[in-house]
Amino acid sequence: MEFKTERPIYRQIADYCLARILAGEWPPGSRIPSVRELAVMMTVNTHTVLKAFEFLQSHGIIAPRRGMGLYLTDDAPQRIAATRREDFFSSTVPALAEEMRLLGITPDQLLEALAATTATVHN
């Protein structure tokens, strides 16, 4: 995996895990790779993966099963959607608002562009 500099590596690893879950590669209730397995796969320190897993656990997306490893919660996809919405409103929207301000884009212009993009995506 190639990491970007603007976001902490542990969050990028957490995002990778979230993408696997949303893609159905890791279904709810299934065991996820161990800290060591994921660290080797991503060529990162185990502490970095552990921090990513702590983030996922704090959001109720994964849970330990004693002696068996970490498993996805049954409602992991719903929790991911909530986490992504939270991230969208706390990070993406403020950055978008600042970019709009700098470029002189009005909310109406943004809504027009979103409507056009949405129409293109759904066709």
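**Briefing: surface patch, helix packing and salt bridges**

Phe89 counts as exposed because its relative accessibility is 56%. The cut-offs are under 20% relative accessible area for buried and over 50% for exposed, with partly exposed in between (1.4 Å probe, protein chains only). This is a predicted model, where local features need pLDDT of at least 70 and side-chain atom pairs count only at pLDDT 80 or more, while totals for chains, interfaces and linings use all residues. Residues are numbered from 1 along each chain as its sequence is written, and side-chain values use heavy atoms, leaving out hydrogens and water.

**Surface patch**

- Phe89 lies in helix H4 (residues 76-103). Helices are DSSP runs (H or I, at least four residues), numbered from the N terminus.
- Phe88, Phe89 and Val93 make a nonpolar surface patch of about 280 Å².
- Patch residues have over 30% relative accessible area and no salt bridge; nonpolar side chains (Val, Leu, Ile, Met, Phe, Trp, Tyr) are joined within 5 Å, like charges within 9 Å.
- Accessible areas come from the Shrake-Rupley method with a 1.4 Å probe, and for residues only the protein chains shown count as cover.

**Helix packing**

- Helix H2 (residues 35-42) packs with helix H3 (residues 46-58) at an angle of about 120 degrees, and their axes are 9 Å apart. H2 is therefore oblique to H3.
- Angles under 35 degrees count as roughly parallel, over 145 as roughly antiparallel, 65 to 115 as roughly perpendicular, and the rest as oblique.
- Axes are lines fitted to C-alpha atoms, for helices over the stretch in contact; angles run from 0 to 180 degrees between N-to-C directions.
- H2 and H3 cross in a right-handed sense. Right-handed means the near helix is turned clockwise from the far one by less than a right angle; anticlockwise is left-handed.

**Salt bridges**

- The whole structure holds 6 salt bridges. Each needs a side-chain nitrogen of Lys or Arg within 4 Å of a carboxyl oxygen of Asp or Glu.
- Arg7 and Asp15 form one, with the closest N and O atoms 3.0 Å apart. Asp15 is partly exposed at 22% relative accessibility, and so is Arg7 at 24%.
- A network of salt bridges links Arg7, Asp15 and Asp87.
- Arg20 pairs with Glu25 at 2.9 Å, N to O. Arg20 is buried, at 17% relative accessible area, whereas Glu25 is partly exposed at 48%.
- Asp75 bridges to Arg79, their closest N and O atoms being 3.0 Å apart. Asp75 is partly exposed at 32%; Arg79 is partly exposed at 35%.

How values were computed
Helices (H or I, at least four residues) and strands (E, at least two) are DSSP runs, numbered from the N terminus.
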